[in-house]
Amino acid sequence: MANAKSPSLLEMLQAGVHFGHQTAKWHPKMEKYIHGDRQGIHIINLEETQKALDNAMNFVRGITQRGGIVLFVGTKKQAQKIVQDAAVSCGMPYVNNRWLGGTLTNYAIIAQLLRTFKDLKKKQERGELTKYTKFEQARFAEKITKLEAKVGGIQDLAKIPEAIFILDIRKDKTALDEALRRGMKIIGVCDSNVNPTQIDYPIPANDDAVKSIELIAKLIAAACEDGRKEWEAARARLGGSLVDEKK
């Protein structure tokens, strides 16, 4: 999607972006993003959501225009495929299963794990594992499957990303904490029950409804893709002489 823009208020209404949590479960720091309540449920101000999405999309577009990386994170069940599809569509890494502790704060160990995974996959693809017994081959296959679930989405991650996009900052608190410790820029969907103050680019929105998180994930991915295309075009014009932030 070229020149991605934030959705209309109607599109967000139809996706249920405006539905927060029960008023009893709200976080006071979200007050400025709340329009009111209906039958005990907080209603998020979609005009604020629209502004926040514009800011977040401009930010990630700027990162990928420089060849930078945005890590997509969403490990709860209804977000897993959404996160994977969005990240893959724009060539960004993702985590959609359990967050592996140290992914950001102990990257050297994670990089070693990634090398092991990729090496095993290459050997499997080349048929180099057939020299082992059937039992040993089965063990290798099992290890590859487990590593695919753990690090498959970040297998091409060559360095610490410039930013992280989290679809549920409560569910993926460990990822959030590691990003904060690294001083990394954070884009996060913030429902009415969370504290948005630690998020650099908070997006007030329903973080549970599939249509809501899918809409937002696709928009962030589209903005990343816009920037990435500009980066690739600039590299082509200069004969690939730009320094790629991914390296």
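Does Cys90 count as buried or exposed, and at what relative accessibility?

Reply: Cys90 counts as buried, at 0% relative accessibility. Buried means under 20% relative accessible area, exposed over 50%, and partly exposed in between, with a 1.4 Å probe and protein chains only. The model is predicted, so local features need pLDDT of at least 70 and side-chain atom pairs pLDDT 80 or more, while totals for chains, interfaces and linings use all residues. Residues are numbered from 1 along each chain as its sequence is written, and side-chain values use heavy atoms, without hydrogens or water.

Now place the residue. Cys90 sits in the loop between helix H3 (80-89) and S5. Helices (H or I, at least four residues) and strands (E, at least two) are DSSP runs, numbered from the N terminus. Val70 is 20 residues from Cys90 along the chain, and their C-alpha atoms are 9.9 Å apart.

Next, the sulfurs. The structure has zero disulfides, a disulfide being a pair of cysteine sulfur atoms within 2.5 Å. Cys224 is in no disulfide, and its nearest cysteine sulfur, that of Cys90, is 4.6 Å away. Cys224 is buried too, with a relative accessible area of 0%. Cys190 is a separate case. Its closest cysteine sulfur, in Cys224, is 17 Å from its own, too far for a bond. Cys190 is also buried, at a relative accessible area of 0%.

The sheet that includes S5 comes next. Five strands form an open sheet in the order S5-S4-S6-S7-S8, with parallel pairing. Strands S5 (94-95) and S8 (201-204) stand at the edges with a single partner strand each, so one side of each has no neighbour in the sheet. Two strands pair if DSSP finds at least two bridges between them.

Walk across it from S5. S4 and S5 pair in the parallel sense over two bridges. Val73 stands opposite Val95 in S5. Strand S4 (residues 70-73) is joined to S6 by four bridges, and the two run parallel. The bridge partner of Ala163 in S7 is Lys185.

Look at the side chains of S6 (residues 163-166). Ala163 and Phe165 point one way, Ile164 and Ile166 the other, and all are buried. In a regular strand the side chains alternate between the two faces of the sheet.

The largest pocket has a volume of about 270 Å³. On a 1 Å grid over the protein atoms alone, a pocket is an open set of points where a 1.4 Å probe fits, with protein on both sides within 12 Å along at least five of seven lines; lining residues have an atom within 4 Å of a point. The volume is the space filled by probe spheres set on the points, which are joined across faces, edges and corners. The lining has 14 residues, and Gly91, Met92, Pro93, Gly153 and Asp156 lie nearest the centre.

The other sheet is an open one of three strands in the order S1-S3-S2, with antiparallel pairing. Its edges are S1 (19-22) and S2 (34-38); each has a single partner strand, so one side of each is left without a neighbour in the sheet. Four bridges join S2 to strand S3 (residues 41-44), and these run antiparallel. Asp37 stands opposite His42 in S3.

Gln39 is in the loop between S2 and S3. Gln39 has a positive phi of about 50 degrees although it is not a glycine. Most residues other than glycine have a negative phi. At 80% relative accessibility, Gln39 counts as exposed.

Ile43 lies in strand S3. At 8% relative accessibility, it counts as buried. Ala205 is 162 residues from Ile43 along the chain, yet their C-alpha atoms are separated by 9.4 Å.

Last, helix H2 (residues 46-65). Thr64 lies in this helix and is buried, with a relative accessible area of 1%. Pro28 is 36 residues from Thr64 along the chain, and the two C-alpha atoms are 34 Å apart.
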